[in-house]
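Dear colleague,

I am handing over a structure that you have not worked with before, together with some notes on what was found in it. Please have it open beside this message as you read.

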Amino acid sequence: MEKHMINVPSVEGFARPRTRRDFFKALAVAGVGAAAGSAVLSRPAFAQGGGGDLDIGNFALTLEYLEAEFYTRAVDSGVVSGDALAAVINLREHELAHVDALTGLITQSGGTPVAKPTFTFPPDTFSSQASILSLAGTFEPVGVGAYLGAAPMIQSPDVLAAAGSIAGVEGEHVVTINNLNGVVPPANTPFPAALMMDEVLAAVAPFMGMGSMPSTGGVAQSSGRSIRL
Amino acid sequence: MDGAESRASLVGFDREHSRRDFLKTAGWVTAALSAAGFGGVALASRADAQEAAYTTYQGLGDAAILSVAYQLELLEGNFYAAGVDSGLFTDDFSVSQLAAIRDHEFAHADAIAGVLSSLGAAIPEPNLVFPPDVTADAATFLTYAATLEPVGIGAYQGAAPALVDKNILASAISIHNAECQHWNAIKILQGIVPPNNVAFEEPLPLQTVLEAGAPFGITA
């Protein structure tokens, strides 16, 4: 099976990134690593264990919380304007709607939604429109990949229907952001890539104050603190 | 739980059980849609569509679902090929995007044909028909594109929970995502700002997909 390496900044590296470009480059690997080749019957990204629909739901909720906070802070920064601002406002609204939907879904399925984690962003993230859109360009494919990787593990058809509905919107976000970043053509992937759960965890760990993550899903530990994803 | 078994039992559920499940589903969909700012009137029908859609594909079997998907991809591929070849689009941005979508649709068709073959199923040979005005002008072409893409999206999204084979589901959900990306690109070409203007993608029941595809020569 293909294995995709993601270079995750260490805690120290995250606090003091060498350059913002290096930081983004490292994260971007998560989004592009699996893009090559046909998706059909090739890469069982879902063969990765996992603890059922409620755990998957909470995993997705955590990602949506991260995106919602990122775009909320992006709008509040005051540095985004014009068409980009219109897009980023909708991005914020969509991610907040996804948070609400997943929270409701988990609750009504008898589970307990995870609390919103405390997120950390690299210095200067919100200092310019370009840096915001650049980080958005790494977030969105990770979100898509997480849903695509998780979908075949979902048992409930209702939960799967919900996941598909949200995943597609994240796919739209990828193209909107690509376009704002000047990528031509903005829709350029015939088979958007699924990501393994540990790949997704590795990509988002720095934003949760964690420098390294275990190789599989489940309890993540850092500095004596554990977060159930 | 065995996936096929659970789906079979869902087809046979009794009315009261179904009603309960519906309300459960309707609850979170309602919360989601109201958070997204949708009006109250549409809520019931939207929630209904979200659940009803996949049940219309259950029991068909993966090959029958993929047979429709294959025809939709051929239709889209040929449609975008006509758009690229029409000469209506001359700027690099539009041409590169439409050519990329064309290539994606044919790649989807090829991939699905491969799966159909592996399942021992026939690969359909539809007689595709296009409306005479499809390449009348750029705006008309894009309007057709903006109509076709949500049909493809709705078909994959509606069918996904009914697919039995998890490998096929993994592929279908990836292709579904590509179609959502295409729709966003078409909205960009149409000058819609912002192009990302839906919070949730909509599934379509099988009958709606077939009715939409019938004038183009797509058959069940």
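In this predicted model, 53 residues of chain B are in contact with 50 residues of chain A. The size of an interface is often given as the accessible area lost when the parts come together. For chain B and chain A that area is about 4500 Å², with 64% of it on carbon and sulfur atoms.

As for the polar side of this interface, 13 residue pairs are counted in polar contact between chain B and chain A, both residues being at pLDDT 80 or more. On the side of chain B that touches chain A, the elements giving two or more residues are α2 (15–35), α3 (43–55), α5 and α7 (166–189) of chain B, and of these α7(B) gives the most, with 19 residues.

Across the interface of chain B and chain A the rule finds one salt bridge, which is formed by B:Lys187 and A:Glu172, with their closest N and O atoms 2.9 Å apart.

A:Ser165 counts as buried because its relative accessible area is 1%, and buried means under 20%.

The aromatic residues deserve a separate look. Over all chains the count comes to twelve aromatic pairs. One of them is the tilted pair of A:Phe139 and A:Phe207, at 4.9 Å centre to centre and with 50 degrees between the planes. This pair links distant parts of the chain, since A:Phe139 lies in helix α5 (residues 129–150) of chain A and A:Phe207 in the loop between α7 (197–204) and β1 (219–222) of chain A, 68 residues apart. A:Phe139 counts as buried at 7% relative accessibility, and A:Phe207 counts as buried at 0%.

In chain B, B:Phe89 and B:Phe141 form an edge-to-face pair, at 5.6 Å centre to centre and with 65 degrees between the planes. This pair, too, links distant parts of its chain, with B:Phe89 in the loop between α4 (62–85) and α5 (92–118) of chain B and B:Phe141 in helix α6 (residues 138–159) of chain B, 52 residues apart. Both B:Phe89 and B:Phe141 are buried.

Finally, A:Phe139 and A:Phe207 belong to one aromatic cluster together with A:Phe70, A:Tyr71, A:Phe121 and A:Phe126.

With best regards

Conventions:
Residues numbered from 1 in each chain as written. Chains lettered and ligands numbered in written order. Predicted model: local features only at pLDDT ≥ 70, side-chain atom pairs only at ≥ 80, totals over all residues. Heavy atoms only, no water. Buried < 20%, exposed > 50% of the residue type's maximum accessible area, 1.4 Å probe, protein only. Phe/Tyr/Trp six-rings, centres within 6.5 Å; stacked < 30°, edge-to-face > 60°. Helix = DSSP H or I, 4+ residues; strand = E, 2+ residues; numbered from the N terminus. Contact = heavy atoms within 4.5 Å. Buried area = accessible area lost by both parts, 1.4 Å probe. Salt bridge = Lys/Arg side-chain N within 4 Å of Asp/Glu carboxyl O. Polar contact = N/O pair within 3.5 Å; in protein donor to acceptor, adjacent residues only side chain to side chain.
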